[in-house]
Amino acid sequence: MLRRWFLATTWLLLSAAGQAMAEGSPSSSDTSRLEEGESIYQQYCASCHGRQGEGMPNWERQNAQGELPAPPHGPEGHTWKHSDAMLYRIVAEGWRDPWNKTERLTMPAFEDALAPAEIRSVVNYLKTLWTPEQRRHQAEESEGAPFPTQSE
Ligand code: HEC
């Protein structure tokens with residue numbers, strides 16, 4: 001009986017704390033979009049780019065097929081060097097290194113699988129993997145090259 005009371009109180013305290021956190025910065029709707037972005041990432045991207053965005057081993061060198069493996073998305077990668085417009089395009093339309101020895105898109109196109117808002121969410125999630133300085137740099141790059149405006 002005492003134990004049940006204890007569990008109920010703990011549960012109440014935890015849910016109050018969870019709510020306070022969800023209302024914290026930047027805003028609860030931004031937080032839920034980031035959560036959506038993370039779950040899209042785990043479902044559609046992690047198989048190649050790694051669960052933590054660590055990329056494939058030897059990602060800087062062509063593999064036996066003459067293709068560049070999936071790169072990391074964290075500070076050691078190049079993702080942060082692309083504007084929002086470019087990142088959107090890479091995810092929507094796919095991508096391949098021009099020096100690959102094959103013609104296929106090694107980075108698949110996701111425009112049929114993901115809605116425009118989902119593409120924006122997953123790109124915004126990638127930003128959480130960068131350093132503050134990389135985030136600032138990329139935000140400046142994106143001023144002149146934002147996400148496409150026609151996308152809902
Ligand atoms: C089938 C494996 C695969 C999946 C799944 C995949 N990618 Fe990629 N991705 C790649 C490869 C390979 C490259 C490198 C292409 C190149 O430059 O040769 C890449 C490149 C990228 C780049 C450019 C990075 C840079 O440094 O220029 C971004 C951004 C990216 N992927 C995001 C995503 C996102 C977001 C998802 C999930 C929605 C995803 N990828 C799913 C294989 C994949």
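Modeller: Happy to! Let's begin with Arg-120, which is buried, as 21 other C-beta atoms lie within 10 Å of its own. Here a residue is called buried if 20 or more other C-beta atoms lie within 10 Å of its own, exposed if 12 or fewer, and partly exposed in between, with C-beta atoms placed from the backbone. Please keep in mind that this is a predicted model, where local features need pLDDT of at least 70, side-chain atom pairs count only at pLDDT 80 or more, and totals for chains, interfaces and linings use all residues. Residues are numbered from 1 along each chain as its sequence is written.

Arg-120 belongs to helix H4; helices (H or I, at least four residues) and strands (E, at least two) are DSSP runs, numbered from the N terminus. Between Arg-120 and Pro-148 there are 28 residues in sequence and 9.7 Å in space, C-alpha to C-alpha. Pro-148 also turns up beside Tyr-88, which is in contact with Ile-119, Val-123, Phe-147 and Pro-148, leaving aside its neighbours within four places in sequence. Contact means that the C-beta atoms of two residues, placed from the backbone, lie within 7 Å.

Tyr-88, Ile-119 and Val-123 are among the twelve residues of the largest nonpolar core, a core being a set of buried Ala, Val, Leu, Ile, Met, Phe, Trp, Tyr and Cys residues joined through C-beta atoms within 7 Å. H2, H3 and H4 (116–127) each supply at least two residues of this core, and H4 has the largest share, with five.

Cys-45 is part of this core too, and it takes us to the ligand, where it is listed among the closest of the 25 surrounding residues, along with Cys-48, His-78, Asp-97 and Met-107.

Stepping back, the protein chain has five helices and zero strands. Buried residues make up 16% of its 152 residues. Of the contacts with a separation of 6 or more, 57% join residues 24 or more positions apart.

Conventions
A residue is near a molecule or strand if its C-beta atom, placed from the backbone, lies within 6 Å of it.
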